[in-house]
Amino acid sequence: MTVSDRLHARVQAYVAATCASGEEPEPFDLLACDLARFQASCGNGLERLLAARRLAPEDLLAAADIPAIPTDAFKLRRIACHEPAADTAVFRTSGTTVGARGTHAMRSTATYEAAARAWARVMLFPDQTPMHVLLLAPPPHQALDSSLGFMLALFGRTFGSDARWLIDGAALKLDDLREAVANAAQVGGPVFLAGASFGFVHLLDSLHGDRLALPAGSRVMQTGGFKGKSREVESGELRREIASAFGLDDQAVLGEYGMTELSSQAYEGTLRAALGYGAPSGPAGVYHAPPWMRVVAVEPETLEPVEPGHVGIARVVDLANVDSAVVVQTADQIRTRAGGFELLGRAPSATPRGCSIGVDELLGRT
Amino acid sequence: MNHEDRIRRVRALVCAAKRLADHPGELRERLQRATGLSAQGVDLALREHLETQPTEEELVALVGGAGSAPRAHVILSANVFTAGLRAIALAAATAPLVSVRCSTRENVFVPALLSHLDDTEIRQSIVECQEISPAAGEEIHLYGSDESIAEICAGLAPDVLVRAHGTGFGLALVGPGVEIEDAARALVRDMVAFDQHGCLSPRLALVCGHERALALAQAMAVSLVQAEQDVPVGALDRADIVRFRQTATVAGEWFDASLGGVALLSQPMSAWIAPPGRNMVVVACAQEDNPVAGLERHVAAIGVSGDAESCFGAVLAACPGARTSELGRMQRPRFDGPVDLRHPGVQSPRAVIERVRRGSP
């Protein structure tokens, strides 16, 4: 058993235990630091950040001590503790006209899958009702490097038996959606509809105001921004439009926060609140991370944590990132709230643009 | 207008600029506030980058390349305040009537320039205004980001003639046959001007061979510290620089230099550029590499040091529209036409929008 294998096993045990009982099998900080030491030893770039701070791996005592790998670095070099030949999955960030694409290589997807399934069960399927699964995305064979596609396929296999993919190439399969909704209404049972936010905008535009009422107990998960792929719609408005189009309560439409560089996801707690479950639950706009993921708002100029309730950029400690980067520095603005965090969009650069190209534009940080 | 009229109009603007640069008075402080440059940065721009002494040959070339229209309209970007001179000169050579809209961020230089025109007739023919509404057959010259240009074009009548100069950056090429310390000093000169906010400003340097790339990065760090003493950097987005430094540390090597620094990369997975201020990405290349693949359309300027052709033939061939100059002179382009040579000629608004949408050169 390799060091990586042992760490995967420890993280999977942590996921299972914290979801089952809320009890940690070992301290979060201990596991995070062991992951960091492993990653620094394999030369994923963390060792350079430690050296720049004059820290040795053995100096790490808490997750807060671990320097974060910026998401931009995933676009410039391989952030992985294994050789490319050992990759079982390689996820890439979506590209823009100019933007580079970040790469997240995985030696094993077992921990990713365990973590994604476990938190989805808590946040998306707490009532454990079997679902008809409709996925507003191209099937995995058309988007092999999409982490979202991988996750949706996993949800399709785990939480339903008849998952249908509603995008073929770039084309929306509206007739398939209508048929699937009609079928769900006929045979009974709720629907789980999931996809990227821009996909929902296209879907709503294609419906031209038509309504496709989903059966009682149905829910919708939407994720990500628009990235120039559709018109931009304010998140609250998109939620209302989706809810209205599918005859759902607003609370049955919830957002997911995830990114290619991470292996874990956070969700809004509206569905749990609507179903009468306790924490983690709450209002729209507040995302809840699983116990193995810590999202901290940091000051962008110092990378030090901001006071609770203040706006900072998200530094994410993700224990499920076993073979890549246990701490990732994003450019997403957040504000921590009781039990979760608000997502406030990309931190705007203070640099005036004019005709000068922006680094954001080049690196596809949209 | 005949050729002499056009030359006279351009020369009048150049003379006005010279008077302004010689006696800036309280303009310096206003420019400092508007641009975010340091006082020394404003002085440097007025002293060395405002084109107050073009040659006769340059004036003839500028006028010869201009179009002809009953009226020309100019919409300026804010990042390089001295660029207003060339932009208005091009418009004044194009048409007897010129309307100029300044950026809301920097609307200091152009009014000052126009107020220094001593020829009343010329002064009255060039007006600064808030709203620009060109009619069919008139020219509009646009400076700014691709997105802003596309947005403006979307509101134009189809028969308006557009000359659009959009998003770009400068690329430095350091080939063999040059002292690395000389190349470093020259490159830093190009970086210091306008704190790298211009679309000609170098943000990426390619160097033939890893050892020379390392030497350049080290020499630049030293030069940048010295430059900071002479011309301090102005307002900065420190968060951008922190992110740049962290990313550089993970992806390559970082050489700290006062309020900025140099990132040295070997074989990055994708192209990367430094944020404005006093920052540079140095990439070690081998022959036939093209580390700007996919970005060619954004390369507005190339500064060359040493024998670039032998090592960067592929890069040079991929960026035929870039304005090429000696390293150290990237921010002093000849006054012979627009600084941006990527899109010569006029286009319809629709063609410009299409070009931006396609991301084509």
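Which residue forms a salt bridge with B:Arg243? I looked that up first. The partner is A:Asp72, with the closest N and O atoms 3.2 Å apart. I call it a salt bridge when a side-chain nitrogen of Lys or Arg is within 4 Å of a carboxyl oxygen of Asp or Glu.

**Ground rules**

I am working on a predicted model, where local features need pLDDT of at least 70, side-chain atom pairs count only at pLDDT 80 or more, and totals for chains, interfaces and linings use all residues. Residues are numbered from 1 along each chain as its sequence is written, chains are lettered from A and ligands numbered from 1 in the order in which they are written, and side-chain values use heavy atoms, with hydrogens and water left out.

**Interface of chains A and B**

I find one salt bridge by the rule across this interface. I also find seven residue pairs in polar contact there, both residues at pLDDT 80 or more. For a polar contact I need a pair of N or O atoms within 3.5 Å; within protein, one must be able to donate a hydrogen and the other to accept it, and residues adjacent in sequence count only if both atoms are side-chain atoms.

Next I asked which elements of chain A give two or more residues to the side that touches chain B. They are α3 (46-52), β1 (69-70), α4 (73-76), β15 (327-337) and α11 (359-362). I take helices (H or I, at least four residues) and strands (E, at least two) as DSSP runs, numbered from the N terminus. The largest share, four residues, comes from α4(A). I sorted the residues on this side of chain A into 21 nonpolar, 11 polar and 10 charged. In that sorting, Ala, Val, Leu, Ile, Met, Phe, Trp, Tyr, Cys and Pro are nonpolar, Asp, Glu, Lys and Arg are charged, and the others, Gly among them, are polar.

The contact takes 42 residues from chain A and 41 residues from chain B. Contact here means heavy atoms within 4.5 Å. The buried area is about 3300 Å², and carbon and sulfur atoms give 62% of it. That is the accessible area (1.4 Å probe) that two parts lose on being put together, summed over both.

**B:Arg323**

I found B:Arg323 in strand β12 (residues 323-326) of chain B. Is this residue buried or exposed? B:Arg323 counts as buried, at 10% relative accessibility. My cut-offs are under 20% relative accessible area for buried, over 50% for exposed and partly exposed in between (1.4 Å probe, protein chains only).

The B:Arg323 side chain reaches the backbone oxygen of B:Pro338 at 3.0 Å. A polar atom of that side chain also lies 3.0 Å from the backbone oxygen of B:Val339. I then noted a network of salt bridges that links B:Arg323 with B:Glu57, B:Glu58, B:Arg334 and B:Asp336.

**Disulfides**

I searched the whole structure and got two disulfides over all chains. The cut-off is a pair of cysteine sulfur atoms within 2.5 Å.

One joins A:Cys42 to A:Cys81, S to S 1.9 Å. The torsion about its S-S bond is about -55°, so this disulfide is left-handed. A:Cys42 lies in helix α2 (residues 28-42) and A:Cys81 in the loop between α4 and β2 (89-92) of chain A, so the pair ties together parts 39 residues apart in sequence. A:Cys42 is partly exposed at 28%, whereas A:Cys81 is buried at 18%.

B:Cys208 and B:Cys311 form a disulfide with sulfur atoms 1.7 Å apart. This link is right-handed, with 95° about the S-S bond. B:Cys208 sits in strand β7 (residues 202-208) and B:Cys311 in helix α12 (residues 308-318), 103 residues apart. I logged both as buried: B:Cys208 at 18% and B:Cys311 at 2%.

B:Cys285 is buried at 6%.

**Salt bridges**

My search of the whole structure gave 41 salt bridges over all chains. One of them pairs B:Asp22 with B:Lys18 at 3.0 Å between the closest N and O atoms. Both lie in helix α1 (residues 3-22) of chain B, four residues apart, about one turn of the helix.

B:Asp43 and B:Arg28 meet at 2.6 Å, N to O. This pair links helix α3 (residues 39-49) and helix α2 (residues 27-35) of chain B, 15 residues apart.
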